[in-house]
Amino acid sequence: MDIYKSVAESQTTLTELMIPSYANFGGKIHGGIVMGLMDKVAYVCGAKHAGSYCVTASVDVIDFLAPVEVGELVSLHASVNYVGTSSMVIGIRVESQQPSQRVIKHTNTSYFTMVATDEDRKPLQVPGLLLKTQEEVRRFYEAYHRKELKKYYRSEESRVKSAFEINQSMEIIRNERCKIELTDQ
Ligand SMILES: CC(C)(COP(=O)(O)OP(=O)(O)OC[C@H]1O[C@@H](n2cnc3c(N)ncnc32)[C@H](O)[C@@H]1OP(=O)(O)O)[C@@H](O)C(=O)NCCC(=O)NCCS
């Protein structure tokens with residue numbers, strides 16, 4: 001019998017204080033710190049849904065929308081948006097706030113694909129997702145759509161790679177900001 005779990009059962013929020021050692025040379029919080037926290041919260045959320053160990057299979061684009069400052073509290077809100085057989089798409093929204101202020105900055109959003117695995121690191125089936133709100137249906141549908149788009153991008157990428165032709169390619173990139181001085185002709 002198929003088991004379904006609600007989105008709420010695995011929803012996770014991780015809050016961390018941004019300490020000076022997290023800062024880069026410019027005094028802002030290093031992007032890698034935020035990405036590491038995103039991976040951590042994605043793992044917790046995915047492992048809660050799967051009820052097993054899981055690994056990060058892929059990470060979608062991470063746009064940095066606003067810098068994070070030392071002293072801010074960064075909160076990462078994660079929920080399972082979509083499940084396949086062994087994979088789960090975890091949506092993560094990152095927000096940052098000075099403890100003394102009410103303003104909340106939206107700094108990042110991304111989607112991590114986590115895959116549940118057994119002790120031998122073999123993919124393991126995860127519970128289905130019980131969708132209880134229109135928002136949850138929207139997120140599931142959008143993740144499904146992104147998965148289809150990824151398949152399309154991958155096939156386009158391999159088509160472009162296999163169709164590569166040097167003269168035609170140089171013509172296409174002619175107006176880009178590059179200067180071609182071939183040394184291997
Ligand atoms: C992720 C991993 C377990 C997949 O194993 P695999 O033998 O390729 O298994 P499959 O091809 O059967 O894929 C299993 C699932 O992963 C998904 N998957 C695999 N690679 C993926 C990728 N790059 N992006 C998104 N999903 C991916 C598949 O779509 C499939 O989903 P489904 O079960 O819901 O249909 C394996 O590639 C792995 O261990 N990768 C290294 C993970 C890692 O070290 N991460 C960093 C540290 S945690």
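Biologist: In which strand is Ser87 found?

Modeller: In this predicted model, Ser87 belongs to strand S5, which covers residues 87-97.

Biologist: Is Ser87 buried or exposed?

Modeller: A residue is called buried when its relative accessible area is under 20%. Ser87 has 17% relative accessibility and therefore counts as buried.

Biologist: Which residues is Ser87 in contact with, leaving aside neighbours within four places in sequence?

Modeller: With those neighbours set aside, Ser87 has contacts with Tyr82, Thr113, Met114, Val115 and Val126.

Biologist: What is the order of the strands in the open sheet?

Modeller: The five strands follow the order S2-S4-S5-S6-S3, and their pairing is antiparallel. Strands S2 (12-17) and S3 (54-59) each have a single partner strand, so they stand at the edges, and one side of each lacks a neighbour in the sheet. On average, neighbouring strands of this sheet are turned by 30° against each other, direction ignored.

Biologist: How many bridges join S4 to S5?

Modeller: Strand S4 (residues 73-83) runs antiparallel to S5, and the two are joined by ten bridges. Within S5, Ile92 is the residue that stands opposite Ala78.

Biologist: Which strands does H2 lie across?

Modeller: Helix H2 lies across S3, S4, S5 and strand S6 (105-116), and runs at about 75° to S4. H2 comprises residues 134-162, and Arg138 is found in this helix.

Conventions
Residues are numbered from 1 along each chain as its sequence is written. This is a predicted model: local features need pLDDT of at least 70, side-chain atom pairs count only at pLDDT 80 or more; totals for chains, interfaces and linings use all residues. Side-chain values use heavy atoms; hydrogens and water are left out. Helices (H or I, at least four residues) and strands (E, at least two) are DSSP runs, numbered from the N terminus. Buried means under 20% relative accessible area, exposed over 50%, partly exposed in between (1.4 Å probe, protein chains only). Contact means heavy atoms within 4.5 Å. Two strands pair if DSSP finds at least two bridges between them. Axes are lines fitted to C-alpha atoms, for helices over the stretch in contact, and angles run from 0 to 180 degrees between N-to-C directions.
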